[in-house]
Amino acid sequence: MQYHVSSKMLASTTVRQDIPKLYQHHEIPFATHTEFTSGPFGAILSQVVANGEWMVQLVQFFISKLVRLYPITQEPLGALHCMLAGRVPCILQGVGDIVLREKELHFFYVPAGTRNLALFSKGYYESFQIGFSPGYLGRFAQNGSPLKEVYYKLEGRVPE
């Protein structure tokens, strides 16, 4: 999952693959992908540990002023999401209005390329998610499992 900014803010935003010295104490040494985004809104540190079947992502938001961010994924994603710190109102495609509350878990299907909306006030936020490939999720989506619907969406099939 990536977090994009509005087109108006894009020119004053930088994205880099390394972590600036000020934030290095947050580094996950075994991360397979790191992205640090900074701009007039503050900063976002995203770190991913992944193999071919699953990915674990920790995202820390250091927000200095109210900002709208647009969560997006390049591939369809079935993900278990938890806000570790903070409360974020969102509009998610296929779900609608939702508030991601601290210490609550949600299991989502996120279509590829869909621009969602998340509204961040000034403060610190931290989210954790585990994303699953369709093949991996399929192993757990049998016989009435609540994961079955998400699995079918990932596979592009209509639930039975």
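**View 1. Tyr-3, Phe-61, Phe-120 and Tyr-125 make up one aromatic cluster.** This is a predicted model, in which local features need pLDDT of at least 70, side-chain atom pairs count only at pLDDT 80 or more, and totals for chains, interfaces and linings use all residues. Residues are numbered from 1 along each chain as its sequence is written, and side-chain values use heavy atoms, with hydrogens and water left out. Rings of Phe, Tyr and Trp (its six-membered ring) pair if their centres lie within 6.5 Å; planes under 30 degrees apart count as stacked, over 60 as edge-to-face and the rest as tilted. The structure holds seven aromatic pairs.

**View 2. Tyr-23 and Phe-62 form a tilted aromatic pair.** The ring centres are 4.8 Å apart, with 55° between the planes. Tyr-23 sits in the loop between β2 (14-16) and β3 (33-39), and Phe-62 sits in strand β5, so the pair ties together parts that are 39 residues apart in sequence. Strands (E, at least two residues) are DSSP runs, as are helices (H or I, at least four), numbered from the N terminus. Tyr-23 is buried, at 17% relative accessible area. Phe-62 is also buried, at 17%. Buried means under 20% relative accessible area, exposed over 50%, and partly exposed in between (1.4 Å probe, protein chains only).

**View 3. The largest nonpolar core has 24 residues.** Phe-61, Leu-69 and Phe-120 have the most contacts inside this core. At least two core residues come from each of β5 (54-63), β6 (67-72), β7, β8 (88-92), β9 (96-100), β10 and β11 (117-120). A second, separate core has six residues, among them Ile-19, Tyr-23, Phe-36 and Phe-62. A nonpolar core is a set of buried Ala, Val, Leu, Ile, Met, Phe, Trp, Tyr and Cys residues joined through side-chain atoms within 4.5 Å.

**View 4. Leu-69 touches residues from several parts of the sequence.** Leaving out residues up to four places away in sequence, its contacts (heavy atoms within 4.5 Å) are Tyr-3, His-4, Val-5, Ile-44, Phe-61, Asn-116, Leu-117, Ala-118 and Phe-120.

**View 5. Five strands form an open, antiparallel sheet.** The order is β1-β6-β11-β8-β9. At the edges stand β1 (2-4) and β9, each with a single partner strand, so one side of each has no neighbour in the sheet. The twist averages 30° from one strand to the next; axes are lines fitted to C-alpha atoms, for helices over the stretch in contact, and angles run from 0 to 180 degrees between N-to-C directions. Two strands pair if DSSP finds at least two bridges between them. Two bridges join β8 to β11. Ile-91 has Leu-117 of β11 as its bridge partner.

**View 6. Strand β10 (residues 105-110) has a covered and an uncovered face.** His-106, Phe-108 and Val-110 are on the covered face. Leu-105, Phe-107 and Tyr-109 are on the uncovered one. In a regular strand the side chains alternate between the two faces of the sheet. Six bridges join β10 to β7 (residues 77-85), and the two run antiparallel. Cys-82 has Leu-105 of β10 as its bridge partner.

**View 7. The structure holds two salt bridges.** A salt bridge is a side-chain nitrogen of Lys or Arg within 4 Å of a carboxyl oxygen of Asp or Glu. One joins Asp-18 and Arg-16, at 2.8 Å from N to O. Asp-18 is partly exposed, at 39% relative accessibility, and Arg-16 is partly exposed, at 33%. Lys-103 forms a salt bridge with Glu-102, with the closest N and O atoms 3.3 Å apart. Lys-103 is exposed, at 64%, while Glu-102 is partly exposed, at 41%.
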